[in-house]
Amino acid sequence: MTTAARPPDPRRVRARREAMAALRAQRAEAARFRRSVTLVAMSVVAPGSAQLIAGHRKTGKIALGIYGGLIGVLLLVLWLVPLQDLAGLAVRPWLLTAFKLLAFGVAGAWIVLLLDAWRLGHPPGLSQKHRLIMIGATLALAAMVSTPFFVAARYATAAHDAVVEMFPSGQVAAASDGRLNILLLGVDAGDGRVGVRPDSINLVSIDVRTGEPAMISLPRNLENARFPDGTPADAEFPRGFSGDGDESDYMLNATWTFGEENPELFEGPSGPGPTAVKQAVEGTLGVPVHYYVAVDLQGFRDIIDAIGGITIRVNEELPIGDKGKVLEPGLQELDGYHALWYARSREGSSDYARMARQRCVIGALVNQADPQTVLSNFVELADASKSVITTDIPRQDLANLVDLALKAKDEEITSLQFVPPLIVPADPDIGLIHDEVDALLSGDAKPAPSETASEEPSDPPADEPAEEAPAEESTDEPTDEPTDDGAQDEEDEETEEQTPVEMSSVCSYE
């Protein structure tokens, strides 16, 4: 006799079915999570691919086509366009504006595609844990892909504002005898100064074919400066810039203030002050001055700080006038504050030593402002430059000047200083000055090794200056800036005979 089979327990059957359903639901949710992760990841690698796979073919094809086109254009530009041409494009305001808008557009579109990929992953079908993971991952990835474009847009904005604010729109100057001459002025317009007086006066002449640069320095206390033939100033001062009264009012560094006070003699787009200095340097050196760049020395420290400081090997102990502190001899990392003291300190120093130090700082800036340093500090450098630099270089000529600057960067800077005993600043031989300049720019004269900025450490000087300018009176409280008041200027400008100091006896830069 057989026993009848017991019917299955309904509760067990129901529990088994519920467990299998839960397992299937768990597996389905895991599959949706993997699909959601895949779609978002695909949007990071190739924006538009997630839409293409999810069935939104039109959107996906358009996005992938634009993405592929941008990548192709970028690769072609990097392959075919030289670095100097790319740098030249970076100073065109309209192109910078277009690039900024493109960067914002690409970043915004990429973020939208990422969020759409997250939507296509069906967030409501995910568990709470996976939903939170996908939200966090999507937002993080959106920030990751958009940050480079926002940074690029910020750089483009800084460059655009700097170009528009610093460089006027004007006529491009043609090179003369194959050379472009730019006047560099260190202008001190600080408190206690009567008008604006250039503290350093240097003409940089660059061969437009080879990029070979030459720097010609004039002392600020030069008297009887000449003006170009045929100009109103030449008619006013046929025998040189001189007159009755205080002789300091008729030195080379007083021409800016004189021009501002007599604008009818110095008409031009640069303004009467800069035009007066340009004409005085042009007539004295016998070469045309195409452009000028004036740097406010009180703000010069901001530019140094913006590039992270400069490295200079100082060969002599230099008082910085801050409660007896000094710059010690040796390799020095100078921030903006100490670089400004180094370039302008008067205590125990002559005007000609200061000229050499200022030329050394210029050389260090040129040498150390490599593309990587400039790019890494670009926004700060652009902001600092806008507030401390004035110039008449037209923005239409910036692309050509960038190309010329890249050529000149790796060339050796040859220099010529018009200081005693070569000339007597109180009574300069203008004919001799013209001959020396012609010989330098034509390549007929070879400067002494000490007249060329060296990148190697040099030996300390054997001789000290024969005469020193009066030292500043020390104070009990430290000052934030080098003292440069009018009384000290007059004392320095009255000093006619001082021993020149070559650059190699002052410093070298690494």
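Helix axes are lines fitted to C-alpha atoms over the stretch in contact, and the angle between two of them runs from 0 to 180 degrees between N-to-C directions. The legends below describe a predicted model.

**View 1. Packing of helix α1 against helix α5.** Helix α1 spans residues 10-45 and helix α5 spans residues 93-120. Their axes lie 8 Å apart and meet at an angle of about 165 degrees. Angles over 145 degrees count as roughly antiparallel, and α1 and α5 are therefore roughly antiparallel to each other. The crossing of α1 past α5 is right-handed.

**View 2. Residues at the contact of α1 with α5.** From α1, the contact includes Arg35, Ser36, Leu39, Val40, Ser43 and Val44. These meet Trp110, Leu113, Leu114, Ala117, Trp118 and Leu120 of α5. By class, nine residues of this contact are nonpolar, two are polar and one is charged.

View 3. Arg57 belongs to helix α3, which covers residues 57-80. Its relative accessibility is 53%, so Arg57 counts as exposed, the cut-off being over 50%. With neighbours within four places in sequence left aside, Arg57 is in contact with Gln51 and Leu52.

**View 4. The whole protein chain, for orientation.** The protein chain contains 17 helices and eleven strands. It has 510 residues, of which 45% count as buried. Among contacts with a separation of 6 or more, 74% are between residues 24 or more positions apart. The accessible surface of the protein chain is about 25800 Å², and carbon and sulfur atoms account for 57% of this area.

Notes: Residues numbered from 1 in each chain as written. Predicted model: local features only at pLDDT ≥ 70, side-chain atom pairs only at ≥ 80, totals over all residues. Heavy atoms only, no water. Helix = DSSP H or I, 4+ residues; strand = E, 2+ residues; numbered from the N terminus. Buried < 20%, exposed > 50% of the residue type's maximum accessible area, 1.4 Å probe, protein only. Contact = heavy atoms within 4.5 Å. Areas by Shrake-Rupley, 256 points an atom, 1.4 Å probe, with all protein chains shown as cover. Parallel < 35°, antiparallel > 145°, perpendicular 65-115°, else oblique. Left-handed = near helix turned anticlockwise from the far one by under 90°. Nonpolar A, V, L, I, M, F, W, Y, C, P; charged D, E, K, R; others polar.
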